[in-house]
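Here are my notes on the charged pairs, as promised. Have the model open while you read.

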Amino acid sequence: SGAFPPQLRAQMRDLARGMFVFGYDNYMAHAFPQDELNPIYCRGRGPDRGDPSNLNINDVLGNYSLTLVDALDTLAIMGNSSEFQKAVKLVINTVSFDKDSTVQVFEATIRVLGSLLSAHRIITDSKQPFGDMTIEDYDNELLYMAHDLAVRLLPAFENTKTGIPYPRVNLKTGVPPDSNNETCTAGAGSLLVEFGILSRLLGDSTFEWVARRAVKALWNLRSNDTGLLGNVVNIQTGHWVGKQSGLGAGLDSFYEYLLKSYILFGEKEDLEMFNAAYQSIQSYLRRGREACNEGEGDPPLYVNVNMFSGQLMNTWIDSLQAFFPGLQVLIGDVEDAICLHAFYYAIWKRYGALPERYNWQLQAPDVLFYPLRPELVESTYLLYQATKNPFYLHVGMDILQSLEKYTKVKCGYATLHHVIDKSKEDRMESFFLSETCKYLYLLFDEENPVHKSGTRYMFTTEGHIISVDKRLRELPWKEFFSEDGERDQEEKFVHRPKSQELRVINSSSNCNRVPDERRYSLPLKSIYMRQIDQMVGLI
C-alpha cells in the first residue's frame, strides 16, 4: 500500500469508471441501436451491407446493438443498478436475432451469447452481490434470447464431415451457399464455455454436445510428433491449411477454453487435454532461459512454429498473446507469467500501446494498429490478484493514462491506426467496454464484490463473469442416457461422445528451449530490465 497509496488507487478506479461511462454514454447517445460507436464523428456503425466481403466489420456486427449487449455485466460490476436494469429492458424490448446478418459463429458466441448468459445469471443470483440487479417481472427473457441465438448458430455444425463448424452463419437462412470450408482453431474450438452453460441451464445437451464434438475433432487432428495444433483447418477434410502453431490469433482461446471448461464443468478430459497442450507449448514454443529471473540467456518468449516439426516459422508475436500470462496465473505458473507479462509491458512502455504484431528480432512493430485490446490489462489484473504486488497497479495506471492521452476523442475512445505517430481510426470495438474498462476498474477496486462476496467468478474470453458453482457441474440430462449414449424411454436419440484415451505426448526434448542466435538474437533482457526497473523493481 505504501508503493501505491489508497487515494491514488481510488483516483485510478474512478478514472477507469469514467472511461467506461464516457464510452457507454456516447454510444447510447450517438450510436444505439446500431452495433458500434464511431467515436470521432459521433455516429453509429452497423454491418457493411454494401460490401459483404468486409469481414472485419461483418463478422462482428450483426445489427443487434452489439455494444449495449456486450457491456451489460460491466454495468453490474460497477454497481450501476439503475442503468443495468434500463439496459436489460432495452435489450429485451429492442434486440432481435431474426436478422439477415451473416456473422462469425465465434464472435456472436463470445460477445452476445456469453453476455446474455452472464447478465441472466446476475439477475437471478439470490445473493445479489452487486446491489439490486433484479428486474421486475423478469421471466428468463435473456436466457430465452440466448437460446434463440444459439439455435440460429447451430446450422454451422451441420453438413460438416469432421464435426468442426463452419465459420459463419446467416441468422435467418443458415450457412451461406458460398461458405468457406476453412476455419481457425480458436474460432471453432472456443465455443464450449458459452454453449455448455446454455445446455446446463436449459437441461438440453445439444449445444454442449456440438461444441464438445468440435473441440475433440480438433484435438484428434493434432500432430502425433509434437502434440501441437495448427491455426487453420479444412472442416470437411481435416487437412491443416495453416500449419502455424502459437499462442496468438487463431489458437489463443482454444487453449484458454480447455482450462476454463474444466473449471466450470469439472470434466476431467478437458483438464487432461489442457495439460497435454500446455506441455507441448512449453516444449516447442517457449524460447529463452529456463528460469524467469536467473541463469544465462534471454527472458522467456513464446514463438510461432510449424505444428509438425516445431521449427520457427516467423519472428513476430501478436498482441492477442498477451492473454497468456493471465491463463498461466489460473494454473499456478505465476513465475513464468510474471516474466512473459513483463515482455509485453516493455513493448507497451515503448509505444504507449501494444501494436497488433511485434517483430522481436527487428525490435519493431510489423502491424502498427491498436484497437483498444484488453489482453495485457487482463493479465495485469490477474497477476495483481495472484501476487498483490503494487507493481501491477503502476502498470494499470500507465495503461489508463496512455489510453486517456492517445485514444480519447470527442465521443469515446478510438482505435490507434499507428502506434508510433498515434493517428486514429474511427472505431470503438465493443470489447473496449466489456473487457478493457472492466479489467482496469477491477484492478483498482479492491472492495468489489467480485473479490469480496465469497462467490468464485470466472471470466469468459470476452470478459463476461460467470459464477463458478456446483449447478454448472451437474448434467441435468444425464438420467435420460443409457450407457451406449441412447436416451431412455421415448426421448429423441442424441449421440453422446464417450471419453477417449488421450495420447501420451513425448515432451522429453528440451532442445527447442535453448536460445538460438538466429531465432532470438536481440538484447531483450536489457529492454526488459530497463523498462521494468523504472517501476517498482518486481523482477
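1. Arginine 152 is buried, at 19% relative accessible area (buried is under 20%, exposed over 50%, partly exposed in between; 1.4 Å probe, protein chains only). Its salt-bridge partner is aspartate 98, at 3.5 Å from N to O; the term takes a side-chain nitrogen of Lys or Arg within 4 Å of a carboxyl oxygen of Asp or Glu. Arginine 152 sits in helix α7 (residues 141-153) and aspartate 98 in the loop between α5 (81-94) and β3 (102-104), so the pair links parts 54 residues apart in sequence. Helices (H or I, at least four residues) and strands (E, at least two) are DSSP runs, numbered from the N terminus. Aspartate 98 is partly exposed at 39%.

2. Quick caveats: this is a predicted model, with local features needing pLDDT of at least 70 and side-chain atom pairs pLDDT 80 or more, while totals for chains, interfaces and linings use all residues. Numbering runs from 1 along each chain as its sequence is written, and side-chain values use heavy atoms, leaving out hydrogens and water.

3. Next, lysine 349 and aspartate 398 form a salt bridge, with the closest N and O atoms 3.5 Å apart. Lysine 349 belongs to helix α14 (residues 334-351) and aspartate 398 to helix α16 (residues 391-406), so this pair ties together parts 49 residues apart in sequence. Here the lysine 349 side is partly exposed at 28%, and aspartate 398 is buried at 16%.

4. There's a network too: salt bridges with shared partners join Arg200, Glu208, Arg212, Lys216, Glu267, Glu269 and Asp270. The whole structure has 27 salt bridges.
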